[in-house]
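Let's take a friendly look at the ligand and the space around it. Here is the structure to keep beside you as you read.

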Amino acid sequence: MNKIAPLNDYTAYPDRSGRFGDYGGRYVPETLMPLVHELEAAFRAAIADPAFRGELDGYLTHYVGRPSPLYFAERLTRKFGGAKVYLKREELNHTGAHKINNCMGQILLAMRMGKTRIIAETGAGQHGVATATVCARFGLPCVVYMGAVDVERQKPNVFRMNLLGAKVEAVTSGSSTLKDAMNEALRDWVTNVHDTYYLIGSAAGPHPYPEMVREFQAVMGREAREQILQVEGRLPDAVVACVGGGSNAIGMFHPFLNDEGVRLIGVEASGDGMDTERHAAAINGGRPGVLHGNRTYLIQDPVGQITEAHSISAGLDYPGIGPEHAFLHDVGRAEYLTCTDREALDAFQLCAELEGIIPALETSHALARLPEICAELGPEGIIVVNLSGRGDKDVNTVAQALGRSI
Amino acid sequence: MSRARIDARFARLRAEGRAGFVTYIMAGDPDPETALAILEGLPAAGADLIEVGFPFSDPLAEGPPIQRAAQRALGRGMTLQKTLDLVAAFRRKDAETPVILMGYANPLETPGYVAFARAAAEAGVDGLIVVDIPPEEADPLADALDAEDLSLIRLATPTTDDRRLPVVVRRTSGFVYYVSVAGVTGVKEADAGAVAPNVERVRAASGLPVAVGFGVRTEERAAEVARIADAVVVGSALVDEVADALAANEDVTGRVLTKVAALAKSVRTARTPSRGA
Ligand SMILES: Cc1ncc(COP(=O)(O)O)c(C=O)c1O
């Protein structure tokens, strides 16, 4: 029998103008438009070039440590008493998170384009560390913009970036968190158009970044798909990931988009709760608008001013979400749940105690929704969770939240 | 009416043989009442066209002066609607000076482009500059503005090459704003020598007057640019006067208008020697 083509080809996006349905696009100042076009052309040429792919694969294998394992979390599974939980172990990558998959792809692209200076924004510092790492490896100067609030709560990562030779610029405008760091990085890019490559860390920003970051992160989903087929002989019932800007989630989701039997579940940070104003859930608590180069769901006030996001996790503390998630939400292909600070803290501890894995606070948001999803799918079910990063960077924050001193 | 107001103003400037002076102020900065007083004083102080910024929380092409102006305005409750009210109040006393709103896309998304364009036309706005809506994304906005006969003013920049220029000037009217430096507002200084050929290029491609801004702070620079461009835009330097007056506890309106008068004088007289007028 012929395989029937899926009714919707969810992988056909973005279109040529960088749109995922109503979302995405290139909402940047004219000064940056030629650069954004140049970047898109360079990206297309690179991924069509077997030499580029070969080089990237080489570094992913020998420097990043790919493929990452898909690990059956036996004790978490038993604890939740439902579906089997598999963890995609991105925290085992060099630098401790999925962020480096994207950084490796983009730094090779930047060098191919002849760029000699790298800038990045960071929230938790994981993307900053990953960027600083690849810049050290390839000998490029690196400036990382980081909100002053985040500099304070992610001190170990600031020190790591400094050790790696990067300059960390503390951003004090606006709410002094990730969105402001991104504003400042864009201002730097507008000012230094000739030599500078902006290495965006999530599946956000103007086209082609959402597509490009997805492409470099989709290695996770491709591996996970193969690995689960190998161990279980079938596809999972659900793939779960936390969502800040959305890179670890879209990288996992994308290779499963046309597997319509696989539920795709993103978890947004709801901070103090969705009944308060202190959250970072763009889809669950926002509405469409334009920020940082794309149209997407945003947390904003009734007249279109962006409001401060709040999450205990610096990497999720962002008022927007990548445009492809906005699209997948609207068409109903993916579901977006929420998780509070408190629930994330509990999941953080549970994963450490039962599996001997200290997850990032970002990742803990995905783990926190497992009890319900496991119960819903039942013992026959299979879930793959993106263990997007390790939590060493968060121990100060967690200790403080638990009222302990270290 | 609206496009006509901009066209009439540039026709008059051409007849007078001088460059126009375009002043930028932020709506609601430092507070709504003072902003209206400044706005009402601008034409007499020498402003030929007026840009009114509507504040946005995340102005990614602005340097510190205008970022802070936006924060001051937002802190005083300024909104897009109140910006339109401000323009409407100004229009009751001045029917001739073109007013162009300048800002970012997101505040326009809430009312939607069509409703916004209607309200803007009613308030007496003549044109719109949206920093983060490049030509590739502009068609829906251009349609809405066309329906109300409002100009969509485009930005051309040092990175806009000859191949791209036709894309940039498509569906534009009124004038083209040439951003004289690659950078944010209020930081780098324009180099008139480097700007001159670009002004020619943009004028030729668009058939429209070219206003130059982003790097003009001093009377000297304003005069230089006035010799080569159809209009000179000053923003951050005026917004800085607001901040300085606040810090020194001085009369904000007086200080801004004094600065405007000084800059206007150097713009108005810049071409005089060579023209022998
Ligand atoms: C470990 C980890 N997971 C997730 C995120 C959230 O980013 P994204 O949604 O792009 O995956 C971050 C961001 O810093 C992170 O460090």
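A polar contact here is a pair of N or O atoms within 3.5 Å. The model is predicted, so local features need pLDDT of at least 70 and side-chain atom pairs count only at pLDDT 80 or more, while totals for chains, interfaces and linings use all residues. Residues are numbered from 1 along each chain as its sequence is written, chains are lettered from A and ligands numbered from 1 in the order written, and side-chain values use heavy atoms, without hydrogens or water.

| Residue | Protein atom | Distance to a ligand oxygen |
|---|---|---|
| A:Lys99 | polar side-chain atom | 3.1 Å |
| A:Ser202 | side-chain N or O | 2.5 Å |
| A:Gly246 | backbone N or O | 2.7 Å |

Of the 390 Å² that the ligand exposes when taken alone, the protein buries 97% (Shrake-Rupley areas, 1.4 Å probe). The ligand has 18 residues around it, A:Gly244 and A:Ser388 being among the closest (a heavy atom within 4 Å). By class, this shell holds 5 nonpolar, 11 polar and 2 charged residues, with Gly counted as polar.

Where does the ligand sit? Its space is the largest cavity, a cavity being a set of points on a 1 Å grid over the protein atoms alone where a 1.4 Å probe fits but cannot get out; to sit there, more than half of a molecule's atoms must lie within 2 Å of the grid points. The volume of the largest cavity is about 340 Å³. Its lining has 31 residues, and A:Lys99 and A:Ser202 are among the closest to its centre (lining means an atom within 4 Å of a point).

Terms used:
Polar contact = N/O pair within 3.5 Å; in protein donor to acceptor, adjacent residues only side chain to side chain. 1 Å grid on protein atoms, 1.4 Å probe; cavity = no way out; pocket = protein on both sides within 12 Å on 5 of 7 lines; lining within 4 Å. Points joined across faces, edges and corners; volume = space filled by probe spheres on them.
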